[in-house]
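Please look over the sequence and the structure shown here before reading on. The briefing that follows treats charged side chains and a sheet, topic by topic.

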Amino acid sequence: YYTGMFRRVQDFRKMQPVQTSTVADFSIKARDREQYFAFAFQGLIKIPTDGLYTFFLASNDGACLGLDQRTFVDHDGLHPVSEKSRTIALKAGMHPISVEYFQEGGTHHLQLAWQGPGFDKQDIPASALFHAVE
């Protein structure tokens with residue numbers, strides 16, 4: 001968790017976080033303010049079966065979704081709530097996932113959803129997310 005005025009995700013990437021903790025999902029409820037903050041989440045996502053998966057990233061302001069160590073959905077910059085999505089073929093098993101998000105002025109919003117073989121679009125459940133033990 002970071003505090004400050006950001007205009008792009010890269011603005012806080014090299015900063016020291018104000019707080020670190022283990023969380024169950026990509027919630028921004030732990031913030032201590034309504035504006036001028038950022039979150040960087042890292043962990044693993046369990047892909048249940050081989051197939052095509054679509055990830056939906058909705059945010060106000062900027063956010064980036066990383067999958068398998070690379071930027072997968074880039075929704076950076078200052079903007080109102082909007083959504084970007086991208087589809088990828090994935091093998092079953094654990095995959096590194098990250099979400100970086102910042103809120104400048106106005107309202108805040110962060111939502112990450114997916115759809116895949118056998119299920120319609122839904123928020124990624126905490127049961128699919130894991131943290132790596134260092």
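Glu34 has a relative accessible area of 47% and is therefore partly exposed, where buried means under 20% relative accessible area, exposed means over 50%, and partly exposed lies in between (1.4 Å probe, protein chains only). The model is a predicted one, in which local features need pLDDT of at least 70 and side-chain atom pairs count only at pLDDT 80 or more, while totals for chains, interfaces and linings use all residues. Residues are numbered from 1 along each chain as its sequence is written, and side-chain values use heavy atoms, with hydrogens and water left out.

**Salt bridges**

- Side chains of opposite charge can pair when their charged atoms come close.
- The structure holds seven salt bridges, a salt bridge being a side-chain nitrogen of Lys or Arg within 4 Å of a carboxyl oxygen of Asp or Glu.
- One of them joins the side chains of Arg31 and Glu34, at 3.4 Å from N to O.
- Another salt bridge brings together the side chains of Lys91 and Asp50, at 4.0 Å from N to O.
- This pair links distant parts of the chain, since Lys91 lies in the loop between strand 6 and strand 7 and Asp50 lies in the loop between strand 2 (37–47) and strand 3, 41 residues apart.
- Lys91 counts as exposed at 59% relative accessibility, whereas Asp50 is partly exposed with a relative accessible area of 42%.
- Glu100 and Arg13 also meet through their side chains in a salt bridge, at 2.9 Å from N to O.
- Here too the pair links distant parts of the chain, with Glu100 in strand 7 (residues 93–103) and Arg13 in helix 1 (residues 10–13), 87 residues apart.
- Glu100 is buried, with a relative accessible area of 16%, while Arg13 counts as partly exposed at 43% relative accessibility.

- Helices (H or I, at least four residues) and strands (E, at least two) are DSSP runs numbered from the N terminus, and two strands pair if DSSP finds at least two bridges between them.
- Four strands form an open sheet in the order 6-3-8-9, and their pairing is antiparallel.
- Strand 6 (82–90) and strand 9 (119–123) stand at the edges with a single partner strand each, so one side of each is left without a neighbour in the sheet.
- Strand 3 (residues 51–60) pairs with strand 6 in the antiparallel sense over nine bridges, and the bridge partner of Leu57 in strand 6 is Lys84.
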